[in-house]
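My entries follow in the order in which I made them.

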Amino acid sequence: MADREERRFAEVPRESIRLMAESAGVELSDDVAALLTEDVCYRLREATQNSSQFMRHAKRRKLTVEDFNRALRWSNVEAVCGYGAQDTLPFRPIKEGDLFFVEDREVNLVELALATNIPKGCAETMVRVQVSYLDGKGNLEPQGTVPSAVQTLSDDLLKYYQQITRSILGEDPHLMKVALLDLQSNSKIAALLPYFVYVISGVKSVSHDLEQLNRLLHMVKSLVQNPYLYLGSYVRSLVSSVMYCILEPLAASINPLNDHWTLRDYAALLLSHIFWTHGDLVSGLYHQILLSLQKVLSDPVRPLCSHYGAVVGLHALGWKAVERVLYPHLPAYWANLQAVLDDYSVSNAQVKADGHKVYGAILVAVERLLKMKALSLSVNAEGGIGGLPRPGGIMGCRESSPGLSPPPEPLSEPGLGIASHLHAGGAGCPWEDWTPVPLPAMYCELYSFFGDSLAVRFSTGPSLGNSPPAPLAQPPTTRKELPGGTANLDTARKMPQLTANLNISPRQDGSPHGEQGGGVGSAGASQSLARSSSSSSVQRSRSSSSRPGQRPSGLSRDVFPKARFNPLPAGPPIFSFVIGGRQMGRRCQGRRFQTTFTPSQPLSAVSSRTYAHKLPVIGRVGKPVRRWTCSQYSLHLPL
Amino acid sequence: MAAVQDAPVEADNEKEIKTETLNDAAGNHASAAGGVIPSPPVASTSSSGPAKAGGPGSEEQQTLMAVLQFLKKNNFVGAVDVLRREAGILEDSDESQGQELAASALGGAEAGDATCTLSRASSCTTSTPAVAAAPAKGARCAVVCVSAGGEDQPDVNVVLSAYSQQGDPALYQGYYSGLKKFVESVLDCHRAELSQLFYPLFVHMYLELVYNNHETEAKAFFEKFSGDQECYYQDDLRVLSGLTKKEHMKGNETLLDFRTSKFVLRISRDSYQLLKRHLQERQNNQIWNIIQEHLYIDIFDGMPRSKSQIDSMSGSLAGEAKREANKAKVFYGLLKEPEIDVPLDDEDEEGENEEGKPKKKKPKKDSMGSKSKKQDPNAPQQNRIPLPELKDSDKLDKIMYMKEATKRIRLGPESLPSICFYTFLNAYQGLTAVDFTDDSSLIAGGFADSTVRVWSVTPKKLRSVKSAADLNLIDKESDDVLERIMDEKSASESKILYGHSGPVYGVSFSPDRNYLLSCSEDGTVRLWSLQTFTCLVGYKGHNYPVWDTQFSPYGYYFISGGHDRVARLWATDHYQPLRMFAGHLADITCTQFHPNSNYVATGSADRTVRLWDILNGNCVRIFTGHKGPIHSLAFSPNGKYLASGATDGRVLLWDIGHGLMIGELKGHTDTVYSLKFSRDGEILASGSMDNTVRLWDSIKAFDDIETDDFTAATGHIHLPENSQELLLGTYMTKSTPVIHLHFTRRNLLLAAGAYNP
């Protein structure tokens with residue numbers, strides 16, 4: 001009979017009891033342990049039994065920790081604290097020995113108290129009335145039928161769902177807008193959330209259709225912005241869909257005519273939006289995202305568009321993410337990217353173009369990293385007198401940059417769950433070893449990569465390390481330019497111009513900043529290079545040593561400066577790309593980043609067809625990287 | 001009427017009880033006062049047998065024997081001698097000690113214990129007519145059934161000591177399977193009745209084994225026979241199965257329930273004789289002892305009942321109700337309403353017709369005795385319970401009510417009510433209780449976070465009265481003074497009441513909408529003012545969670561019930577309870593006032609519903625038949641019927657006057673948390689955890705049974721299997737469990753629940 005099965009109780013083994021006793025400093029003999037075990041089991045069962053009445057009277061179906069604690073309290077037993085969280089608790093084994101335990105992480109109270117991302121308050125409980133059944137009729141469900149999973153949706157909800165999906169994924173852009181607007185503001189669609197999430201997870205099946213992907217992303221955005229929706233664990237699903245758009249080598253990317261870059265940019269923005277607004281719903285989300293981005297970045301077999309996605313994703317997650325993941329990876333990644341960029345063969349053209357996109361994205365990311373770091377340092381220096389003795393450390397920066405820096409979990413905690421799995425798979429710097437690099441060193445290193453392409457200029461002299469005023473003075477100037485400088489100006493100054501026909505002017509004249517800073521920067525860099533290169537990774541030093549003779553100055557990477565001056569006299573221009581980086585100082589969200597992409601159709605179309613079957617991949621560059629021999633071109637910008 | 005019908009049976013019954021008295025002359029009830037050792041049975045038709053040496057002794061004697069055995073075993077010869085010599089004296093002290101223990105063990109009974117004892121004593125007298133004939137009331141010659149009087153004395157030690165006698169543990173399985181074989185071999189008509197014995201016997205044999213430390217035997221016994229038990233005992237069996245040690249028996253409530261109350265069985269005389277003969281032939285004393293000590297067999301003459309009849313009535317923790325328990329007269333009629341001159345201004349003529357009707361919250365189904373304005377013969381005396389006088393505002397409200405009532409829609413199978421659903425959004429699984437005011441203008445919710453929230457569901461916002469300083473400033477003579485005292489700044493759609501320190505499990509509005517009651521896990525009931533939105537009183541009395549509370553339909557009184565198994569009647573201006581209703585064997589889970597405010601019904605986790613008389617605190621009805629804890633109760637507007645819903649998803653209908661089950665409504669698949677009759681009683685609405693509201697044709701349900709000739713004497717009714725015919729509609733919600741239902745004055749059905757995404 002059924003009750004025979006029900007009699008199988010959870011039993012606490014004798015060993016556990018003995019272990020517990022030992023930890024309390026009591027040695028138990030065998031029979032005592034046996035007796036105690038039985039008693040413990042019985043008491044547990046009794047408490048469970050008693051707790052069920054609290055569940056029943058609370059009119060719930062789910063027994064909560066709170067119920068159990070109440071039962072304990074009423075039987076004069078101390079309640080067990082610390083398990084009230086909504087999330088399931090991971091029950092982890094220790095490899096050696098059959099020991100299982102519940103993960104109990106330490107919470108840094110100081111950090112918690114000073115955290116600026118105060119979780120959103122719960123929505124107010126409210127009562128809404130609705131005439132469900134008029135005169136006992138209007139019963140939309142067929143009476144008496146057993147509702148299946150689908151039928152639990154009422155008819156009008158089902159209709160709504162169909163209408164919405166149809167208009168969002170349909171042809172009419174106007175309809176789509178209306179639908180998205182409604183999705184953003186409708187308070188009664190909570191029941192449909194799983195269905196929408198399911199639809200959105202369909203990104204994987206429409207990866208050839210940019211338009212559809214875009215619409216699905218818009219749908220995500222609307223759902224995320226809907227104030228009445230509690231996304232709960234669906235956040236994870238939404239994030240994975242968005243991440244797909246950011247990171248995957250979408251089928252649509254095969255055709256270079258498709259502007260999948262914008263999609264990735266948009267998806268990255270969306271990701272950061274989800275993360276900042278709903279990141280607190282899923283624990284460990286930040287780490288999972290970072291880890292998967294890192295994994296992609298460190299995988300050379302991935303196409304460049306994936307790398308691009310990873311970079312913009314990191315950028316969108318804030319400068320902390322860039323500092324944590326992108327920056328340590330840069331030396332390793334640089335070699336590969338350099339190889340692509342240096343290959344001027346025709347067959348490599350597409351790959352190279354992609355490489356430039358990645359380069360641009362990285363540049364923008366690290367620029368903001370530098371700026372924000374300097375800013376946080378300066379704020380920290382001002383506020384730090386009061387007794388925050390962490391110079392330039394990431395913790396010190398925390399409270400200084402609201403809205404940008406604070407991820408919901410402390411950065412130093414190890415990843416869990418899926419994240420740890422990812423972590424094991426991903427090759428990268430382990431979180432534990434990570435220590436913030438001081439700004440000067442970082443700047444030097446970055447400068448060694450980007451040279452004057454870096455719009456941020458610091459005096460990198462040895463004095464910088466112990467003189468905060470320098471960075472303090474610097475950021476305001478860059479900041480000041482932000483609102484004033486037009487997109488075009490910014491583009492011209494900050495982004496590498498890879499232009500075959502100069503269809504936009506470089507506008508060197510518009511960047512006095514670069515002019516001044518260039519001199520200082522290069523001088524500083526030359527001094528600091530020796531220092532930084534010693535500390536830089538082996539790989540980078542290898543890559544830099546691989547072409548020692550190219551750069552007379554030997555300071556910065558030469559590709560882009562060269563590319564900027566090269567185009568006019570160079571041979572037949574095959575590609576016409578504009579990689580525009582724009583800084584948009586919108587609200588207080590920090591600067592957003594966007595690229596525009598205008599392919600010159602006839603030319604690229606011809607060549608791309610040849611390579612249409614394969615995506616630009618660093619790892620697939622077959623031929624040896626051609627050395628750049630014309631060293632006279634590798635000069636700094638003659639501004 | 002009931003009394004007349006019952007008369008001949010009672011005579012029989014009396015005779016029966018008398019013979020029983022002879023059989024078990026010694027009796028064995030805990031409340032025996034003296035220390036005299038009872039004499040062995042004189043004219044024993046049933047041989048008490050050798051195992052039961054010294055006759056079926058009272059508990060104190062058994063304790064003594066146990067002690068003696070213990071001393072003997074441990075070779076304390078001297079002590080044994082002394083003990084024997086001083087047996088009489090010792091017994092006295094033991095007894096008093098036991099009584100003390102008993103008093104202290106009864107957790108809920110402190111100050112107001114007098115009420116309790118009163119009710120107990122009176123229930124003794126009412127339930128046992130034979131006692132009157134017996135020479136000494138309450139003495140040991142009182143029959144088996146009198147021991148019911150002692151059931152409220154859960155003295156663990158005394159009770160457990162009853163298990164000190166034991167047979168050979170190895171033979172228990174044999175005994176049980178022997179009985180099983182016997183029951184299987186008897187005629188079909190007796191089998192169902194005798195099968196009732198299995199469960200209590202099983203439980204007591206198992207407990208006996210456990211008590212005597214035969215753990216392995218007990219486990220084997222359980223393993224072997226637990227599968228045979230009726231499925232509705234699952235929950236109790238689960239508790240039992242966890243219990244394998246004597247030490248665990250002490251604190252176990254379920255066990256205590258078993259030991260402190262006799263399991264009541266109803267068996268026809270023929271079946272009983274069969275059983276007795278069998279046990280005598282087999283010399284099966286172990287089983288016989290258990291039957292004698294722990295079971296109460298209510299013997300009736302006539303046809304043995306069928307399996308379905310038995311099943312419909314069984315399921316409660318302590319068996320069925322004794323017939324005597326439901327014999328008391330209940331005045332279920334409605335009180336006469338005070339005459340109020342209704343200003344017939346612009347109302348249509350219907351208003352005039354309605355004028356003659358009783359002005360009541362819940363008007364009668366048909367105007368029984370009200371047209372002629374005569375007193376309903378079934379109604380209690382108008383002043384049986386002192387009720388508060390009507391204030392002017394109450395009269396105004398009554399007038400409003402009557403005006404509304406004229407616009408009421410007559411419901412029926414053809415005209416079903418419209419349903420409005422009040423959904424609590426963002427309740428985060430925390431909504432635990434809901435109530436509407438009678439005029440449906442306010443809704444209150446109790447929450448697991450200890451708050452009570454009140455919403456106005458009309459455009460009129462909730463305002464509190466100005467502070468004392470501001471009140472001084474207003475012109476008290478002005479006409480709109482009532483308007484002026486309100487603080488406009490405080491107007492809001494909802495108010496939150498803070499005060500409890502645990503989940504709020506019940507809320508109830510006063511009929512005049514000035515007060516709100518809430519009860520909580522923290523053991524208190526709180527009275528809130530809806531003028532100031534502050535807590536006025538915290539009623540402390542329940543020491544354990546209070547599961548439900550309910551205002552009287554006339555205000556002033558309220559009832560509360562909780563984990564301490566005692567329901568308390570309070571008046572708002574007394575900080576101590578007026579009455580305590582003790583008798584339930586498990587938590588009181590829901591409470592409800594009778595429309596005439598003279599009775600309260602309580603539903604319990606012991607799977608019984610009890611009806612209590614407020615006047616004297618007596619338990620006047622015990623309804624058994626539910627198979628799970630009862631979570632909702634509703635009186636029909638005419639006061640004649642009671643509906644109860646339980647965790648098993650069934651709704652049972654009861655005739656209060658006759659004390660009979662008259663209907664079973666099957667359909668819900670989960671706990672029924674809410675029941676409500678329409679204003680005229682034609683429709684019963686039930687709301688459940690399974691996210692549905694169901695409407696039932698209550699007229700038909702009652703009519704079907706009324707045309708039937710009750711067989712009221714025996715109380716054995718054949719329930720028609722007509723749930724599907726009675727079901728008028730099933731209405732799904734959108735994943736929202738229905739936890740409260742309310743009919744507006746115009747018969748619009750309001751339902752409430754929290755959305756569970």
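I looked up the salt bridge of B:E521 and found A:R70 as its partner, with the closest N and O atoms 3.1 Å apart. I took a salt bridge as a side-chain nitrogen of Lys or Arg within 4 Å of a carboxyl oxygen of Asp or Glu. Between chain A and chain B I count 2 salt bridges.

I note that this is a predicted model, where local features need pLDDT of at least 70 and side-chain atom pairs count only at pLDDT 80 or more, while totals for chains, interfaces and linings use all residues. Residues are numbered from 1 along each chain as its sequence is written, chains are lettered from A and ligands numbered from 1 in the order in which they are written, and side-chain values use heavy atoms, with hydrogens and water left out.

Next I looked up the interface. On chain A, 48 residues are in contact (heavy atoms within 4.5 Å) with 67 residues of chain B. The two chains bury about 5,400 Å² between them, 50% of it on carbon and sulfur atoms. Buried area is the accessible area (1.4 Å probe) that two parts lose on being put together, summed over both.

I then went to the helices, which are DSSP runs of H or I of at least four residues, numbered from the N terminus. Helix α3 (residues 30-57) of chain A packs with helix α4 (residues 65-74) of chain A at about 115°, the axes being 8 Å apart. Axes are lines fitted to C-alpha atoms over the stretch in contact, and angles run from 0 to 180 degrees between N-to-C directions. α3(A) and α4(A) are therefore roughly perpendicular to each other; I used 65 to 115 degrees for that label, under 35 for roughly parallel, over 145 for roughly antiparallel and oblique for the rest. Residues making the contact include A:N50 and A:F54 of α3(A), and A:R70 and A:W74 of α4(A). By class I list 8 nonpolar, 3 polar and 2 charged residues there.

For helix α6 (residues 155-169) of chain A and helix α7 (residues 173-185) of chain A, the axes come within 8 Å and cross at roughly 135°.

Last, I checked α7(A) against helix α9 (residues 210-225) of chain A: the angle is about 30° and the axes are 7 Å apart. α7(A) and α9(A) are therefore roughly parallel to each other. Among the contact residues I noted A:M176 and A:L180 of α7(A), and A:R215 and A:M219 of α9(A).

Technical notes
Helices (H or I, at least four residues) and strands (E, at least two) are DSSP runs, numbered from the N terminus. Ala, Val, Leu, Ile, Met, Phe, Trp, Tyr, Cys and Pro count as nonpolar, Asp, Glu, Lys and Arg as charged, and the others, Gly among them, as polar.
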